[in-house]
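Please keep the sequence and the model in view while reading.

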Amino acid sequence: MSNYSMDTKCVQGGYTPGNGEPRQIPIVQSTTFKYATSSDMGKLFDLEASGYFYTRLQNPTNDYVAAKIAELEGGSAAMLTSSGQAANFFALFNICEAGSHVVASSSIYGGTFNLLAVTMAKMGIETTFVSPDATDEELAAAFKDNTRAVFGETIANPALTVLDIEKFAKAAHDHGVPLIIDNTFPTPVNCRPIEWGADIVTHSTTKYMDGHGVAVGGAIVDSGKFDWMAHADKFPGLTTPDDSYHGIVYAEKFGKEGAFITKATSQLMRDLGSIQSPQNAFYLNLGLESLHVRMPKHVENGQAVAEFLEKHEKVVKVNYPGLKSDPYYDRAMKYMGNGGCGVVSFEIAGGREAAEAFMGKLKICAIETHVADARTCCLNPATSTHRQMTDEQLNAAGIPAGLIRISCGLEDKKDLIADIEQALA
Ligand SMILES: Cc1ncc(COP(=O)(O)O)c(C=O)c1O
């Protein structure tokens, strides 16, 4: 489908039924797959033949949907995971081990920050966090001999900073390591990081890709462009024999295009599990079929709400990269000319009491810990996700007590603005 447009790929990518086969992607609700002889199945275990034997590693429903996401991102291969957290962990752990080091943007989703700063640190993988606005010199200074990956988010949740993907890609490549980009917020409809130099792209498909608040999931896409063999000493897991697969060298057997996803599937999924259920993959595909129609509407609503809030006297500050006044406007225009996403954050005058009172008056916008849903939802970190922190700690973390994140859904923007206006009043 590589010659077709984004819209056609969203609707028809990944799955082309043959004569008499189901028009919609079938849900293969089976843990296991039957073979006529042991040697037929043995070839799968040796990675000599491709096919299915156990859904903890691979399932046809998931593979159809992963193939669609690979087409949307312009990658060579993809896989689905049980969550966005699993996607980011697998993407990193596929090339990092105890003693490795990661350079990551400090402006990323809190769950990913914890994954890197706490859980992976306990596994012996250390991370240096850099500003998304780091200069070339500051970025270069963060690398070490044992650096194995650079990580960032296209539009960060919740700070809504925009990453300079080309700059981060160049720094990664100058140091012989890949750039991994979490592209959850813009989705490939609004930004395709591989076209700007990213090597691996991850998603929390729970967000816009699903788009209806139905199924938690994740995805990893490989660009197929990173030359693992050219940096063989840094990536022994891909470039030296895997004893658990009869000495296969992934980068030799599957090449640049297939090595990363084959290893993550056959080794990490086998040993750690975390596959997306076929039923959830089916729901995800329903979301993907309308992604190209929904994203422009999310952006339209986000832009309208941000412009309304910017002019309101009870609003101290608005963060939305689509606003000309936003420090990330120029970068957003470069990487996401059609807009980024529908998530807006703003600081209400009066701190946490005002935020709580405002949110309690909203009628359409529901209070939720979710984002990127068809229904508008909002959250005040100070009274929810970050409620253990004092106002001073919140300010130091760049999350003022009066900060509210609104994820604009697909409702009529006039109704959303009217709801926000009456709640502010
Ligand atoms: C940018 C980003 N990446 C990853 C995640 C984690 O995804 P999940 O909740 O599907 O595990 C989230 C969750 O909000 C997110 O916003």
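Q: How do the residues of the shell around the ligand divide into nonpolar, polar and charged?
A: The structure is a predicted model, in which local features need pLDDT of at least 70 and side-chain atom pairs count only at pLDDT 80 or more, while totals for chains, interfaces and linings use all residues. Residues are numbered from 1 along each chain as its sequence is written, and side-chain values use heavy atoms, with hydrogens and water left out. Ala, Val, Leu, Ile, Met, Phe, Trp, Tyr, Cys and Pro count as nonpolar, Asp, Glu, Lys and Arg as charged, and the others, Gly among them, as polar. On this basis the shell consists of 1 nonpolar, 9 polar and 3 charged residues.

Q: Which of the 13 residues around the ligand come nearest?
A: A residue is near a molecule or strand if one of its heavy atoms lies within 4 Å of it. Of the 13 residues around the ligand, those that come nearest are Asn157, Asp182, Ser204, Thr206 and Lys207.

Q: Which helix gives the largest share of the shell around the ligand?
A: Helices (H or I, at least four residues) and strands (E, at least two) are DSSP runs, numbered from the N terminus. The largest share of the shell is 3 residues, and these come from helix α4 (residues 84-93).

Q: How many Å lie between an oxygen atom of the ligand and an N or O atom in the side chain of Thr206?
A: A polar contact is a pair of N or O atoms within 3.5 Å; within protein, one must be able to donate a hydrogen and the other to accept it, and residues adjacent in sequence count only if both atoms are side-chain atoms. A polar backbone atom of Gly84 is 2.9 Å from a ligand oxygen, and a polar side-chain atom of Lys207 lies 2.7 Å from an oxygen atom of the ligand. For the side chain of Thr206, the distance to a ligand oxygen is 2.6 Å.

Q: What percentage of the ligand's accessible area does the protein cover?
A: Accessible areas come from the Shrake-Rupley method with a 1.4 Å probe; for residues, only the protein chains shown count as cover. On its own, the ligand has 390 Å² of accessible area.

Q: Where is Pro158, which a cis peptide bond joins to Asn157?
A: The peptide bond between Asn157 and Pro158 is cis, with omega about 5 degrees. Pro158 has its place in the loop between β4 (147-153) and α7 (165-174).

Q: Is Leu160 buried or exposed?
A: Leu160 is found in the loop between β4 and α7. Its phi is near 60 degrees, a positive value in a residue other than glycine. Buried means under 20% relative accessible area, exposed over 50%, and partly exposed in between (1.4 Å probe, protein chains only). Because the relative accessible area of Leu160 is 1%, the residue is buried.

Q: With the side chain of which residue does the side chain of Thr161 make a polar contact?
A: Thr161 is also found in the loop between β4 and α7, and at 10% relative accessibility Thr161 counts as buried. Contact means heavy atoms within 4.5 Å; residues up to four places away in sequence aside, Thr161 touches several residues, including Pro132, Ile155 and Tyr328. The polar contact of 2.6 Å joins the side chain of Thr161 to that of Ser107.

Q: The backbone nitrogen of which residue does the side chain of Thr205 reach?
A: Thr205 lies in the loop between β6 and β7 (218-222) and is buried, with a relative accessible area of 1%. Apart from neighbours within four places in sequence, the residues in contact with Thr205 include Ile69, Gln276 and Leu284. At 3.2 Å, the side chain of Thr205 reaches the backbone nitrogen of Gly218.
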